[in-house]
Amino acid sequence: MLTLRRTLPGMVMIIVSLVILYQSLLIQGTEQLNPAGGGFLPGIIAIVLIICGIVTLINDLKKQVVEKTDEQKEQAFSKSDYFLIFSYFIFIVFYVLSLSFLPFLISTTLFLIISIFLLKGIKWYTNVIVSIVTVTIIYFLFSQLFNIVFP
Amino acid sequence: MEFLQQILIPFFDWELLILVAAGTLAGIFIGAIPGLSVTMAVALLLSLTYSWDMLPALALMLGVYYGGVYGGSRAAILVNIPGSPASVATSLDGFPMSQKGEAGLALFLTTIFSFVGGLVGVLVLASAAPVVASFAVQFANRDYFLLAMLGLLLVGNLSNGTVAKGLFSAGAGIVIGLIGMDPIGGGSRFTFGSLQLMNGVDFIIALLGLFGMSEILYQMRELKRQGKPVEFKKMIIPPLRFILKFLPLSMRVSILGVLTGALPGAGGEIAALLSYDHAKRSTKNPNRPFGEGAHAGVIAPEAGNSAAIGGAMIPMLTLGIPGDAVTAIFIGALFIHGLQPGPMLMAQSGDLFWVMVGSSILANIFLLIFGLMVVSIFIRIVTVPKQILLPIIAVITVIGSYAMNYSLTDVYWMLGFGLIGFFMKVHNFSVAPLVLGIILGPLIDTSFRRAYMSANGSMPDFLTGFVTNPISLILTIVIAFTIFSQTPIYKKVKQKILPKKQQT
């Protein structure tokens, strides 16, 4: 498990580079080694990227498994951090989805009120006031000054 | 004297004057709020001012650029959280000064010397850019390829994290920049058969995702970490003699800042750190040891990072190569308005250049005025709760990415880039090389292939060109040295030479 986690960045780098290499070979088609072709430079870059991936992989494996200091532990993301971050990301996706069938003003006000509520620590009346004022400012600033047509 | 007239245009044109002022003020606040970055703000403005004329749009963006770099030090001094990477060095002595009750003095000194550094930067820009441009006309395709590669290499090396990860970011960025139709051959590249990808990936969308959304996600876990501001009453104005004492130091670090900024890929962050280091070495009797609130320790990085802005604009305007992430966005802005950044820009639209110089001077003047006037608000701004700030930034980022083409598809792309950027940050990959790669990718690709074709497609001719042409030769040597300096052999050689020097 630990080895898998340590080698993850290097592995992803190598897989991404291999996809790029494969795609550049597809572009080049018959003339594999013509530098003027569209796939030659990306191909070279893909090879460099593979080397970078291998270097990272080796470096990560070489690292001794040392006991993490308290500061490092604080730096690392915990499971609950990830949970919060991804649930919030999905919430943003829902907000963008809602823009296609709800008017901008309503969906944005709702989004702000619910997010500030979910993130905790702010009094509910401050929340409502801040949300409504922000949406109003954003709406007028962007529609008047930047001529943006809202969805 | 025609250029003097053009410099003065923004001073007398009401629209430009107000826009520079508004931009600078907004920039100071954006910079002062930890979590809002200048790059993100300028990227947003580019998408929002899409329908504007070019000069007003550039004036607003320049104001935000100068104001933002300056504003970052407010949070660094008051709550010890640098508002932007460029003000990391300022917090080293700025916050200790505040703890000793000198917050007012620190704010005053940084304001004055940001102004001084910014002006030196503009002066160097105005005098050096025309010279560089006239020289750059001789650059061939091969040289552009080399220069762009050098920029990416430097970013990859200087960014935090390991070199391999930095280079990987840069390379992946180039490939993302190449997605879409091949401008020379006409075929499709990396589109995976999707028609939508034929137009390529819009780099502003990528920027908003990589710098905006990813930052929001990354800061989610810091909701509870809130900076506690220091006690601070009002700004302290020291006697003139006290300020003049630091003038020589500020001049030296300003020049250092301009030079660092002018290097493709090295921006205000590195300029500030180098300036701080220089001040530490050259100040003989600091009022306090460095790191405990030395006055020179806040002056040097602020003068340096402000001066770096002028420096970063030199390669952008003369060669079309961005000095940092923000100037990369400026290049995008010029492209959108139908201009080709590069040596011909100065020849064809010289007035644009001088108006930009004028706007920069104006932005510095407003920076001084606002910086000295609105001090008391800073303390409130730097402590805005993240719970309120992050959702608001999320909304603005969503609107910004939507406003480009009025399409929700773009917003989903932006969210995707946000997720990529988040994972990159978690695993210590730096985002800046990726962005520079996306922007420079097409230039690297076309100039490489044109250079090969202009060598009549013969490999030996093409390769000898790198060492026979003087410009190419210099660039090749610099690139070779940059790569070499990362190898273990270089470190061994350095170790052998350096101890001897220290002994003598």
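Hi everyone, first some housekeeping. Residues are numbered from 1 along each chain as its sequence is written, while chains are lettered from A and ligands numbered from 1 in the order in which they are written. Because this is a predicted model, local features need pLDDT of at least 70 and side-chain atom pairs count only at pLDDT 80 or more, with totals for chains, interfaces and linings using all residues; side-chain values use heavy atoms, leaving out hydrogens and water.

Let's begin with the interface. On chain A, 61 residues are in contact with 59 residues of chain B, where contact means heavy atoms within 4.5 Å. The two chains bury about 5200 Å² between them, and 82% of that is on carbon and sulfur atoms. Buried area here is the accessible area, with a 1.4 Å probe, that two parts lose on being put together, summed over both. On the chain A side, A:Leu41, A:Phe89 and A:Phe146 lose the most area to chain B, together 12% of what that side buries.

The largest share, 13 residues, comes from H4(A). Helices (H or I, at least four residues) and strands (E, at least two) are DSSP runs, numbered from the N terminus. By residue type, the side of chain A that touches chain B divides into 44 nonpolar, 14 polar and three charged. Nonpolar covers Ala, Val, Leu, Ile, Met, Phe, Trp, Tyr, Cys and Pro; charged covers Asp, Glu, Lys and Arg; the others, Gly among them, are polar.

A quick word on chain A itself: its domain assignment gives domain 1 (2-66) and domain 2 (79-145). Their centres, taken over C-alpha atoms, are separated by 39 Å. Those bounds come from an automatic or database domain assignment.

Now to the charged pairs. Over all chains, the count comes to seven salt bridges. In general, side chains of opposite charge can pair when their charged atoms come close.

One of them joins B:Arg288 and B:Glu102 at 3.3 Å, N to O. This pair links distant parts of the chain, 186 residues apart: B:Arg288 is in the loop between helix H13 (268-282) and helix H14 (295-319) of chain B, and B:Glu102 is in the loop between helix H6 (88-99) and helix H7 (103-136) of chain B. Buried or exposed? B:Arg288 is buried at 19% relative accessible area, and B:Glu102 is buried at 17%. The cut-offs are under 20% for buried, over 50% for exposed, and partly exposed in between (1.4 Å probe, protein chains only).

Next, B:Lys425 pairs with B:Glu215, with the closest N and O atoms 2.5 Å apart. B:Lys425 is in helix H20 (residues 408-426) and B:Glu215 in helix H10 (residues 203-219) of chain B, 210 residues apart. Both B:Lys425 and B:Glu215 are buried. B:Lys425 also makes a side-chain polar contact of 3.2 Å with B:Ser214.

For a local pair, take B:Arg281 and B:Asp277, at 3.0 Å, N to O. They are separated by about one helical turn, because they sit four residues apart in helix H13 of chain B. B:Arg281 is exposed at 69%, whereas B:Asp277 is partly exposed at 31%. There is a network of salt bridges too, linking B:Asp182, B:Arg189, B:Asp445 and B:Arg449.

Last, some backbone. B:Phe190, which is not a glycine, has a positive phi near 50 degrees, and B:Phe190 is buried at 5%. B:Asn428, also not a glycine, has a positive phi of about 60 degrees, and B:Asn428 is exposed at 51%.

Technical notes: A salt bridge is a side-chain nitrogen of Lys or Arg within 4 Å of a carboxyl oxygen of Asp or Glu. A polar contact is a pair of N or O atoms within 3.5 Å; within protein, one must be able to donate a hydrogen and the other to accept it, and residues adjacent in sequence count only if both atoms are side-chain atoms.
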